[in-house]
Every structure is written in C-alpha cells, then in structure tokens.
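Colleague: Could you walk me through reading a chain interface and a pair of packed helices?
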Amino acid sequence: MAHAFSELIIGGVLLAPFVTYLVMTLVVIIVLRPLLHVVGFAKMFSHPSIAELSLCVAILGLLVLLF
Amino acid sequence: MVATTAEQPFTVAMIPVSSWGFAIRVWLAIVLALFVSFWLQLESPTTAALTIFVLAEPTRGQAWDKAGFRLLATVIGVTASIAITGLFAQTRELILAAFAVWLGICVFAAKLLDGYRAYAAVLSGYTVGFIATQQIDNPLHVFESGMARGAGIAVGIVSIALVNTLIFAPDDRPRLVAHLAALHRRVREYAGAALRREPGSSTTFLSLLQEIVALRPAIASVALESSSGSVTSAAARSAAVALVAELQAARTKPDPEGEASEWAARDLLRRDEEVRQDLVALRSARWPLRIWRAPLHRSYRMAAESGIRAAAWFAIASTFYICAGWPATSVSLSFVALIAALGATTPNPRAFTAIALIGTPIATVLTGILEFIILDGADAFPLLAIALAPFAIGSALLMTSKNLLWSSLGRVNLPFTLLILSPSNPQTYNPQAFLNTSLFIAVAASLLLALQILIPPVSGDKRRGWLLAAARSDLQQRVRPNGEAREEAAFRDASRIEQFLAAGGAQDGRALAELLSCFDQMAMLRLCDAKLMQFTDGPLAPLAGEARAAIAKLDPASLRAIAHKFRVQAPQKDSIEADVAACLVLTSDIVERGSGVDSQRKAA
C-alpha cells in the first residue's frame with residue numbers, strides 16, 4: 001500500500017512533508033533529551049554523538065513510516 | 001600527587017593535527033553541501049557553501065549553537081525583508097531608508113549581546129541586504145529569494161552537522177572542564193599570593209577575570225552538544241560565577257593583624273569550596289547545587305551610538321550608489337551591509353573593513369586561478385571538489401592560526417572565494433561576472449572604509465568613559481534587579497571590567513583603578529546588605545538600620561563605629577553579629593581605599 005504524504009499549507013505556501021517530519025523529529029528530540037540524560041545515554045556509548053545522530057535518524061525514519 | 005607535563009601536540013608540516021582535522025572537515029562539508037544543493041537543484045548553492053564557512057567552528061557544540069542562531073536570524077531577516085518590501089514597494093529610496101534603520105536596530109541589538117547571539121542580530125540585519133536590496137528592482141522575487149536562502153542554509157547546517165558528527169569534531173565539554181579546573185588552580189594561587197601579601201598581582205587578577213568572563217559564549221554552546229549538555233552548561237556557568245566570587249573574595253585584603261582577617265579567610269575558603277562543588281558537578285554531569293545565571297553588562301548608550309553609525313554608513317553608501325547611477329550596484333550595497341554588520345561584532349570595526357579590503361584582491365587572484373586556470377570550463381563535480389580542496393583547506397588552516405592577521409585573512413578569504421566563484425550547476429565561466437563581483441566587493445570595502453574614516457566608529461576612550469560612568473552610578477544607586485543573587489551581580493560587574501579592558505583599558509591606569517575600586521566596593525556593600533537582612537526583626541534591627549544608612553552614605557567612620565557596637569553584642573567569635581562586624585570593618589576599609597582613588601582622580 002502506498003503511503004500518502006500530506007503537505008503542510010501555511011498561508012497558501014506548500015511545505016514539503018519532509019520538512020514537517022524534520023520539525024517533528026526536532027520536537028521529539030528536545031522532549032527526549034532530559035530523559036536521555038537521566039538514563040545516562042551519553043555514558044553508554046564510546047561515541048555518544050554518533051549514537052545521538054543515529055537516534056535522530058531512527059526517529060525520523062519511524063515518523064515517516066508511521067504517520 | 002600526579003605530575004603533569006605540557007603535552008606537545010602532534011604536528012604535520014608544523015601545523016597541529018587538530019587544525020588539519022578542522023580544515024579537512026570544512027572542505028568535506030563544503031563539498032557535501034554543494035553536492036546536495038546541486039542534486040536538489042536549489043537556486044543558491046553558494047549560500048549552502050557559505051553557511052559551512054560561517055559554521056566552521058572548532059567544536060561541535062559551537063557549530064550547533066551558531067547553526068541554530070543562523071536559522072533563527074534568517075527567519076527574522078526574511079520576514080523583515082518581506083515587510084520592508086511590502087511597505088515601500090513603489091519607492092526605492094524609502095526601502096533603502098527603512099533598511100538603514102533596520103540595520104541600525106540590528107547593530108544596536110548585537111552590541112547588547114555577545115557571542116553567537118550578537119552574530120544572529122547582525123545576520124538578521126544583513127539578510128535584508130541580501131534579499132530586499134538585491135531584489136530592489138524586482139520586489140515580487142523577495143519571497144522566492146528568501147526561501148532559496150533558507151533552503152541553502154538548511155542544507156549547509158545539515159551537511160556540517162553530519163560531517164562534524166561522523167568525522168569526530170572535538171567536543172567542547174572536556175576542554176571547558178580542563179579550562180575551568182586550570183582557572184580554579186590559578187585563582188587559588190592568586191588567593192595564596194594575596195594572603196601572603198605579595199605585590200604586583202593586579203595583572204594576574206585582570207587576566208584571570210578576563211579569561212573567566214570570556215568563557216561565557218563557550219558555556220552557552222556546550223548546552224547543545226549532547227543529551228547532558230544543558231546540565232553541563234548549568235554546572236559550568238555556576239562554576240564560572242563562583243570563580244568570579246572567589247576571585248573577588250581573594251582580592252579583599254584585610255589587615256593581617258586586624259579582626260576581619262579571620263572572617264575574610266573563612267569567606268575565601270567557603271567560596272573555594274563552592275567552586276570545587278560546581279567543578280565536581282561539571283565533571284560528573286550532575287546539576288550544580290545552586291544554579292546561577294551569568295548576566296552581562298549592557299551599555300545601551302554605546303549600543304545606540306554604534307547602531308546610529310551603522311545606519312549612517314549604510315545610508316550614505318546607498319546615496320552614493322544612487323548618485324553614481326552604476327548598473328547592478330545593489331549587489332555592492334549588500335556587501336557594504338555585510339561588512340558593516342559583521343564588523344559590529346568585532347572590537348574594531350574599521351580594522352575589520354581594512355582586512356576585508358586587503359583580503360579582496362588576494363581572494364580575487366586566488367579565485368581567478370581556481371576558475372580560469374585550474375577548472376577552466378570543467379563541468380564534473382569531482383573536479384570541482386578536488387580543485388576546491390587547496391583553497392578551502394588553506395583558508396581554514398589560516399583561520400586556526402594564532403596570529404590575528406593570518407586568521408582574519410583566512411576568515412575573509414574563504415567566503416570571498418566562494419562568493420566570487422559562486423558555484424552553480426551548470427557552472428558558468430564568465431570573466432565579466434567574475435570581474436564585476438570582485439569589483440563590487442572591492443568598491444564596497446573601500447567605500448565603507450572611507451565612510452568609517454569620515455564617521456569613525458565609537459572610540460575606545462568614549463566606551464571606557466561610559467563604562468566608568470555606569471560603574472559610578474551603580475555604586476551610588478545600587479539598584480539590583482529583582483531576584484539577582486549577589487554573585488550574579490558580581491559577574492555582571494566583572495563583565496564590565498572585561499569590556500573596559502577590551503576597549504584598551506589596560507593603558508588607562510587611573511580609570512582602571514577606579515573601576516576596580518567600584519567593583520570591590522559594590523561586592524562588599526552587597527555582602528553587607530545581605531548580612532544585615534538577617535537582623536530585620538530582632539533586638540538589633542535599629543542598629544542594622546543605622547548600618548544601612550551608613551552604607552548608603554558610604555561613610556567609613558560610622559561603619560566602624562557600628563561594627564564596634566555589633567561586636568559588643570556578639571555572644572561568641574563566630575556568631576552572626578561578629579560576622580557582620582567583620583564585614584562592616586572590611587567595607588569601611590575598602591570604601592576608604594576607594595575614596596583615596598577618587599580623590600586622586602579629582603586631584604588629577
């Protein structure tokens with residue numbers, strides 16, 4: 001089944017669905033950050049920055065897949 | 001005890017490996033940004049490449065911080081462009097006048113901020129230059145041009161974020177921790193020397209103060225680095241504020257035989273313990289015990305004068321271009337806005353313009369070699385990527401140089417090369433466009449330099465005068481914003497001293513001595529105020545009231561008399577009453593010393 005992507009329309013300007021997903025990812029990451037700190041996410045990996053990037057990509061992928 | 005030796009950085013061709021890493025990251029990010037922009041067929045791939053240059057910061061946190069501000073400022077700038085163009089679509093002169101005012105407002109805001117916030121303020125200003133001014137004859141394209149710029153910037157940000165993450169750009173946190181720990185050690189040494197009453201420690205004090213205050217932007221950037229960034233940032237900020245408080249406590253030299261010396265030593269130890277706790281919190285990424293803000297001294301008068309000057313430079317430059325009647329001068333005018341605005345974030349705007357003027361011919365020659373000798377009609381992307389390597393890496397290496405001239409030339413060279421080359425798909429090899437752009441930049445830089453000689457930027461003397469006047473009036477009025485801790489207020493005073501030194505204050509010995517005396521007096525008076533608050537309702541309340549009145553009059557003799565009364569009331573040596581007595585004695589000493597400085601100034 002094909003996934004239908006809906007465009008966001010602000011004041012007659014069409015925004016690509018990907019932009020919406022990016023913004024949603026950003027919001028999710030901002031909400032998750034305190035939780036990640038409590039869990040000690042940064043201490044679990046040798047390269048926390050890559051782990052966090054991977055988390056962003058995973059969240060973005062999930063959002064695109066599910067919504 | 002662990003012995004440490006200064007670690008020699010590993011070098012390649014006499015350049016540290018970290019600089020090579022930085023330069024290669026910049027080049028890779030430029031290539032990636034250009035590739036993605038070409039692939040997405042964006043209208044302005046040059047903006048994406050320029051974004052990389054702007055975000056070329058040595059650490060990941062700094063790049064993220066600046067990226068956020070760049071995006072935000074672009075949104076503000078594009079909105080302002082649309083508003084200005086919409087309001088005055090039919091009248092070019094009014095657009096230019098409105099833009100001059102907007103640029104002035106942005107420079108005003110930049111002068112009240114620091115670090116990347118100041119950059120964001122000037123960026124909102126010159127974005128209007130790049131959008132509204134360049135499209136002045138074509139107002140219907142303002143929105144599209146704004147969108148194209150926004151898309152380019154977004155691609156640039158994503159590219160540098162990816163490259164920085166995957167190629168391990170260093171984190172700011174370890175560097176910040178090491179720096180704060182080293183500062184703590186040096187503050188302790190300074191305190192030790194002050195206790196032993198060794199002479200000549202004023203320069204040490206000033207350099208320590210400068211270094212602590214200069215950490216402020218780095219502390220803000222570390223917040224975006226990782227999931228525990230905000231905790232790290234809060235701990236580092238508290239540590240910096242506590243360090244200033246410890247430094248201030250170390251400066252208060254009581255008479256060694258006097259009664260206040262014991263109290264002063266205890267106060268210093270307490271401050272030292274606070275710094276230690278904050279550093280432990282910073283190392284283990286825990287919230288500090290107290291969360292302090294690090295406020296900045298804001299000089300509205302200086303900001304207003306700088307804003308008015310920037311607006312005047314732009315207004316005169318645009319009048320000149322209108323009178324000259326040359327074609328396509330709107331591009332040159334936008335460069336005037338760019339150089340004037342970026343110059344506002346440097347301590348010396350005229351020197352910045354001069355470096356831009358020196359850098360233009362160098363960048364022109366280098367770009368000419370790149371465009372017409374090396375590339376010379378090539379249309380394959382890999383060739384562009386390889387040909388850009390020596391120029392991008394070379395400029396980025398220059399940027400990391402310790403020599404201010406070399407690093408400024410590197411900073412000017414890279415964006416100008418990208419602007420003049422303006423990579424596009426397909427690449428056009430037009431000698432006329434190349435010469436025009438080079439000429440536009442050179443004319444803009446020389447015109448702005450001429451204007452800055454005609455209407456000079458705010459001088460160091462004036463800035464110092466205003467800072468000193470602000471310190472004096474603070475001492476007289478002592479109004480403290482609601483909810484500001486005295487440590488935060490001391491940090492604000494320290495930032496004023498730092499601004500004073502940045503305006504060439506080290507040469508102005510007498511004014512510096514007065515400013516330092518104001519700093520000491522303010523800190524002690526605040527401490528006394530806080531101590532006296534403990535007696536608001538008790539048998540000693542009338543005495544506390546008397547003490548407050550004596551503080552308001554800055555009267556050392558009555559302060560001493562009141563201190564004596566407090567001491568008589570003290571049940572034991574370490575009671576609150578004895579503390580207040582010691583504090584009042586110290587205050588009277590410092591106020592007396594301060595009035596000595598004041599009378600010297602009046603005699604001079």
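This is a predicted model: local features need pLDDT of at least 70, side-chain atom pairs count only at pLDDT 80 or more; totals for chains, interfaces and linings use all residues.

Colleague: How many residues of chain B are in contact with chain A?

Modeller: Chain B brings 17 residues, and they meet 12 residues of chain A. About 1,100 Å² is buried between the two chains, with carbon and sulfur atoms giving 63% of that area. Look at Thr165(B), Phe168(B) and Ser227(B): together they supply 44% of what chain B buries against chain A, more than any other three residues.

Colleague: How many residue pairs are in polar contact between chain B and chain A?

Modeller: Three, counting pairs with both residues at pLDDT 80 or more. Salt bridges across this interface come out at zero.

Colleague: Which helix gives the largest share of the side of chain B that touches chain A?

Modeller: That's α6(B), with four residues. Both α6 (142–166) and α10 (229–251) of chain B supply at least two residues each to that side. Sorted by class, the side has eight nonpolar, seven polar and two charged residues.

Colleague: And the helix pair, how do I read that?

Modeller: Two packed helices are described by the angle between their axes and the distance between the axes.

Colleague: Which residues make the contact?

Modeller: From α3(B), Ile76(B), Ala80(B), Ile84(B) and Thr85(B); from α4(B), Ile95(B), Ala98(B), Phe99(B) and Trp102(B). By class that's seven nonpolar, one polar and no charged residues.

Methods. Residues are numbered from 1 along each chain as its sequence is written. Chains are lettered from A and ligands numbered from 1 in the order in which they are written. Side-chain values use heavy atoms; hydrogens and water are left out. Contact means heavy atoms within 4.5 Å. Buried area is the accessible area (1.4 Å probe) that two parts lose on being put together, summed over both. A salt bridge is a side-chain nitrogen of Lys or Arg within 4 Å of a carboxyl oxygen of Asp or Glu. A polar contact is a pair of N or O atoms within 3.5 Å; within protein, one must be able to donate a hydrogen and the other to accept it, and residues adjacent in sequence count only if both atoms are side-chain atoms. Ala, Val, Leu, Ile, Met, Phe, Trp, Tyr, Cys and Pro count as nonpolar, Asp, Glu, Lys and Arg as charged, and the others, Gly among them, as polar.
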